[in-house]
Number of protein chains: 2
Amino acid sequence: MNFVEGGVTAAQGFKASAAAAGIKYQGRTDMAMIASDVPCACAGTFTTNIVKAAPVIWDRHIARELGSAQAIVCNSGIANACTGEEGMQMCSRTAQSAGEALGISPESVLVASTGVIGMQLDMDRVEAGIGMLSPALEGTTEAGHRAARAIMTTDTKPKEAAVVFQLGGKKATLGGMCKGSGMIHPNMCTMLCFLTTDAAISQEMLQKALSADIKDTFNMVSVDGDTSTNDTVLLLANGLAGNEQITAEGKDFQAFCAALRAVNEKLCRMIAGDGEGATALFEVRIEGASSKEDARTLARSVVSSNLVKAAICGHDANWGRILCAMGYSGAEFYPERVDLFFESSAGKIQIMKEGKALDYSEQEATKILSQPEVCARADLRMGSESATAWGCDLTKEYISINADYRS
Amino acid sequence: MNFVEGGVTAAQGFKASAAAAGIKYQGRTDMAMIASDVPCACAGTFTTNIVKAAPVIWDRHIARELGSAQAIVCNSGIANACTGEEGMQMCSRTAQSAGEALGISPESVLVASTGVIGMQLDMDRVEAGIGMLSPALEGTTEAGHRAARAIMTTDTKPKEAAVVFQLGGKKATLGGMCKGSGMIHPNMCTMLCFLTTDAAISQEMLQKALSADIKDTFNMVSVDGDTSTNDTVLLLANGLAGNEQITAEGKDFQAFCAALRAVNEKLCRMIAGDGEGATALFEVRIEGASSKEDARTLARSVVSSNLVKAAICGHDANWGRILCAMGYSGAEFYPERVDLFFESSAGKIQIMKEGKALDYSEQEATKILSQPEVCARADLRMGSESATAWGCDLTKEYISINADYRS
């Protein structure tokens, strides 16, 4: 398996495009389309928030009930959440319009939105956007990149990743793009992510792979503790790689899951590192836990703590806040057994041994914590389970962004 | 029942003092003592964090196992948390020293600490501090006020409240002081709070009153989502009011609980309004819930949301974030039934009706949200249960305070 250039257009038979439809933003693209040359098996995971945006309800029906799709239309600027019956009609009219433009049924068009909650979309603008998107579809890396830019809101960078891997002697590709910077917190969760692959795989196995993967990837990302109304991960598989279709567990399914993990982990690190106002990617690794679920709970608790995040912003080795955040997580562990380390490209330092602070160098710790990617690693010395969570530091810029986002 | 001046010295037979012991801060008081003329029934509630500071372990033993105490010694600057066996010895030596100075047994001396985690106390300074505190004890309002200042860390204001009320024809008084500004979040929880009363009440009923009360007071306060290692509420009752001792539920117990609620609610509002970096007290009231627990869960989720708190900082009527935070709380409700209001001294405005935004005036909403105390009130229209939570806005100043607290 190797990482390659590109995102949603990396796999065979997938095209993408972007358009400036004036949905809410001015002077930038704000709609994206992804389309496959042939119908795809479709899997999806969605926000656990009771308040679900209209496109989440639309896509969940397609992913869960129908299981196949051929295109995705996404807009940024307006979330189409808390928009009632009118919001649902926007989804169906968007799918209708895109279906007509692409010569496919509306039920094979997935719809996604991100942006402000509570505003209605202007359907004339959405339809005009689709009129631009459909003829602009291209299978190039550059087209995928344009689509990745069009779905950004407060993101400062587009986020794409792709791998090539072997499936029964055939070359397969899996790639994707995502957006997400605020309102990001564990619980399927996070943001919008669109993944495409040319692997041949049954819908059942596709959903199985995705549902298992997000527990250790997207559900382990936290920027600010808020689980959005719109979070969606969609995965389309069009089978053009020509491998024998994956219909059960085994070597090929494992290879597929490994490719999915590689792409999603890379996208998660990009999301965390680009958290609203962030100056650093903050990784928390829990090792030596007695259960996987405890390891996840502890890693998420630390990565979500405002006090820990503020300390990371200040390059302050404030291990007391880390132990405190582990303590209120609800997971079981023995404080007096914990070993704690800080790690980055500038080195590695042990801060605690068996629950007590070592006489470490604050200067050395500050140097390690001043890098753009820093990691806190705790060994509970209870068992062999581990988990990693990704977040970012909490900065004044986060407040600036969120104190007046709507205006 | 009437509010009166004062705090821990308001009730008969309680004295307080403060001293500058140089524990960690310079040029300010950092130790406080409270002592009763006679032994008291003692109740306490403590942090749920697995990582418990040494004084929490010390006090819990006294409150749960012994049930009586006569004095409290508190220091600010160093939390005596994550300090191992040495930290426990500090507690016992502090109690020993204070017991000798006051002529009471060490087991009747409660100990509390707040400040940086992981540092050891300097016992010489603590003992010198006790040497100053003991002869300085006074029953005046001013002495209570000095004690309330000495226990502050990042607090900007001392926090005291007291009420007088009738118990079986006798005048009783209940007062208290607390500190807490950061690392504050639901779950017994919050901070240090010391309450004193001259009511005569059995230890069993005293603990019952306190345990019931904190569910709707201190456990409903959130500044930053971090549950501290040191959170402690202590309540001492010395019986000098001369009422017939409360030993069971009934009219007197109700009167006592009402007094306790009044004082604690006032202290909670003070803590929330003085949250680190806060410019506004933010109150969230959930009404029409089908269960009390759901109402509490929803109120806490909204008051804890970074995105909602940042919007309050920006005086932005971002109701979408409020509905979103209700949605991921885990409590059941119907988004399409929710009525939402913003209220403050500048007026009252309805923002949503039955889950949809009304065509309200943004200007009017901003005016209401620009006051020092603002309230978001949601009616779920499902049942008759309600709950209130208190927090504050999230500001750049919070980051400044927490990015380099240790230095």
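This is a predicted model: local features need pLDDT of at least 70, side-chain atom pairs count only at pLDDT 80 or more; totals for chains, interfaces and linings use all residues.
Residues are numbered from 1 along each chain as its sequence is written, chains are lettered from A and ligands numbered from 1 in the order in which they are written, and side-chain values use heavy atoms, with hydrogens and water left out.

**Salt bridges**

- Side chains of opposite charge can pair when their charged atoms come close.
- Over all chains the count comes to 40 salt bridges, each being a side-chain nitrogen of Lys or Arg within 4 Å of a carboxyl oxygen of Asp or Glu.
- Lys367(A) takes part in one of them, with Glu364(A) as its partner and 3.9 Å between the closest N and O atoms.
- These two residues are separated by about one helical turn, because they sit 3 residues apart in helix H10 (residues 362–369) of chain A. Here helices (H or I, at least four residues) and strands (E, at least two) are DSSP runs, numbered from the N terminus.
- Glu364(A) is also partly exposed, at a relative accessible area of 29%.
- Asp37(A) and Lys15(A) form a salt bridge through their side chains, at 2.8 Å from N to O. This pair links distant parts of the chain, 22 residues apart: Asp37(A) belongs to strand S3 (residues 31–46) of chain A and Lys15(A) to strand S2 (residues 14–19) of chain A.
- Asp37(A) is partly exposed at 45% relative accessible area, and Lys15(A) is partly exposed at 29% relative accessibility.
- In chain B, the side chains of Arg146(B) and Glu138(B) meet in a salt bridge, 3.6 Å from N to O. Arg146(B) counts as partly exposed at 35% relative accessibility, and Glu138(B) counts as partly exposed at 34%.
- One network, built from salt bridges that share partners, joins Asp213(A), Asp216(A), Arg261(A), Lys292(A), Glu293(A), Arg296(A) and Arg300(A).

**Where the two chains meet**

- Contact means heavy atoms within 4.5 Å, and it brings together 47 residues of chain B and 47 residues of chain A.
- Between them the chains bury about 4,100 Å², 61% of it on carbon and sulfur atoms. Buried area is the accessible area (1.4 Å probe) that two parts lose on being put together, summed over both.
- A polar contact is a pair of N or O atoms within 3.5 Å; within protein, one must be able to donate a hydrogen and the other to accept it, and residues adjacent in sequence count only if both atoms are side-chain atoms.
- The interface of chain B and chain A has 0 salt bridges, while 9 residue pairs (both at pLDDT 80 or more) are in polar contact across it.
- On the side of chain B that touches chain A, the elements giving two or more residues are H8, H9 and helix H11 (396–403) of chain B. H9(B) provides the largest share, 7 residues.
- By class, that side of chain B has 24 nonpolar, 15 polar and 8 charged residues. Ala, Val, Leu, Ile, Met, Phe, Trp, Tyr, Cys and Pro count as nonpolar, Asp, Glu, Lys and Arg as charged, and the others, Gly among them, as polar.

**A sheet in chain B**

- Strands of a sheet pair through backbone hydrogen bonds, either parallel or antiparallel.
- Chain B has an open sheet of 6 strands, with mixed pairing and the order S13-S12-S11-S14-S10-S15. Its edge strands, each pairing on one side only, are strand S13 (356–357) and strand S15 (385–392) of chain B.
- Two strands pair if DSSP finds at least two bridges between them; strand S12 (residues 347–353) of chain B is joined to S13(B) by 2 bridges, and they run antiparallel.
- Lys353(B) stands opposite Lys356(B) in S13(B).

**A buried aspartate**

- Asp339(B) lies in strand S11 (residues 339–344) of chain B and counts as buried, at 10% relative accessibility.
- A polar atom of the Asp339(B) side chain is 2.8 Å from the backbone nitrogen of Glu354(B).
- Leaving aside residues up to four places away in sequence, the residues that Asp339(B) touches include Lys353(B), Glu354(B) and Arg381(B).

**Two loop residues with positive phi**

- Arg381(A) has phi near 55°, a positive value in a residue other than glycine. Arg381(A) is found in the loop between strand S14 (373–379) and strand S15 (385–392) of chain A, and is partly exposed at 36% relative accessibility.
- His315(B) has phi near 55°, again a positive value in a residue other than glycine. His315(B) is in the loop between helix H8 (306–313) and helix H9 (319–327) of chain B, and counts as partly exposed at 28% relative accessibility.

Conventions
Buried means under 20% relative accessible area, exposed over 50%, partly exposed in between (1.4 Å probe, protein chains only).
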